[in-house]
Amino acid sequence: MPPPRTRGTALRHRLAELRGPDVPAKALDARALAALAANPGCARRAILDGAGVNKAVLADALGSPSAFGQSQFALTRGNAFEAKVKADGGAELLRLVHEKLDRSAEPPAGARVPDLAATGPQGRTARTALELREAAAHPGAWTLLDHPMLALDVAGSPAFLEPDAVVVHPDGSWTVVEIKSFPLLDGSADPAKVGAAARQAAVYVLALEEVAARLEPAPRVRHRVLLVCPRDFSNLPAASAVDIRKQRAVTARQLARLTRIEEIADALPEGTCFSPELPAERLTAAVESVPATYAPECLSACELAFHCRSRSREQGAVTTLGRPVRAELGGLTTVEDVLAAARGEAGDPDDPAVAALRRAAALRAEALEAACR
């Protein structure tokens, strides 16, 4: 058996081959990890994200352009708002952390804001860990880490993550801060957007817990994160404490279920490549060689969703109708199977799903007959 270093090098070389020659890797961020954890059975997304394939470019090459992602205007507005929140050494940000999460501590008259600059993601990760260790060793003061770099092992491959901020409290505990450009209207925000932010923050909390576990004693990573958004329709910051214990538990469980990237790569046909420069037929064959698990939720989380939905519809897969429907239908995996079972042409009559379908078909027939009288 080759040593771990050799095995890791071989995997990185294999993933580079899957991307294509001279194609730079796209970093796997917390947003992508949260989406991946929400659909851990999708080997297609796992290998494409693990190999650093730009799925938006890939979707364009496949003829199914993605509508997923933020507009340039939204990105510019978000960056401007984040800069405002962190101005003056993060004074306003720390005030919000104190107000919403740690009123028992001394108000932050000032804070240590270390320089986290380093070469490459590995260097930045090491620098962040060093500064967190330094802050834990000297409790009693506030520390603000602006865009730290964290690492999280995902299916045997490291993912480098960059939260908006991490605050070290005077008691030595750590808090993740998420800064978003969607508004808090009368103290509340769009539940779907808050949920997405909570799942993203849960990924950061898991990565921070790995850093904390290497320290003695291990600092406490708080499971209430701070969500900072514009107040109403202004550019003034407002904040809300969000408990992400449920999202953290679900994300940890789902990430643990992911098939290891090397297992998926080893099962691919020799010569498989996802380079968008390939002819359309060859690229489509490469993508289809990896099984996907499509669900309607993918439309808001994955750049390849339109392509996978089209293939799912062509195959008549019941997953196109949503996970709850799929769960109710048991072993009936296609619409054709469902209709045949409802008509009594196929299926085990003792199967609860088949029995329910036949009962529903009978009730429908009775209703139509009564309507025609």
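**Helix α5 and its setting**

Analyst: The chain exposes about 19500 Å², of which carbon and sulfur atoms supply 55%. The model is a predicted one. Its C-alpha trace spans about 80 × 60 × 40 Å along the principal axes, and the chain holds 15 helices and seven strands. Of the 373 residues, 43% are buried. Among contacts with a separation of 6 or more, 63% are between residues 24 or more positions apart.

Helix α5 covers residues 72-85, which makes 14 residues. From the first C-alpha to the last, α5 reaches 20 Å, close to the 20 Å expected at 1.5 Å a residue. Five of its positions can be named as buried: A74, G78, F81, E82 and V85. Viewed down the axis of α5, these buried residues fall within an arc of 100 degrees, so they line one face of the helix. The cover over the buried residues of α5 includes the helix α6 (87-101) and the strands β5 (174-179), β6 (224-230) and β7 (237-243). On the other side of α5, Q72, F73, N79 and A83 are exposed.

Elsewhere in the chain, L321, V325, V335 and L339 make a nonpolar surface patch of about 320 Å². One of these residues, L321, is found in the loop between α12 (305-314) and α13 (323-328). L321 is exposed, with a relative accessible area of 55%.

Key:
Residues numbered from 1 in each chain as written. Predicted model: local features only at pLDDT ≥ 70, side-chain atom pairs only at ≥ 80, totals over all residues. Heavy atoms only, no water. Helix = DSSP H or I, 4+ residues; strand = E, 2+ residues; numbered from the N terminus. Expected span 1.5 Å × (residues − 1). Buried < 20%, exposed > 50% of the residue type's maximum accessible area, 1.4 Å probe, protein only. Arc of directions from axis to C-beta. Contact = heavy atoms within 4.5 Å. Patch = residues over 30% accessible without salt bridge, like charges linked within 9 Å, V, L, I, M, F, W, Y side chains within 5 Å. Areas by Shrake-Rupley, 256 points an atom, 1.4 Å probe, with all protein chains shown as cover. Salt bridge = Lys/Arg side-chain N within 4 Å of Asp/Glu carboxyl O.
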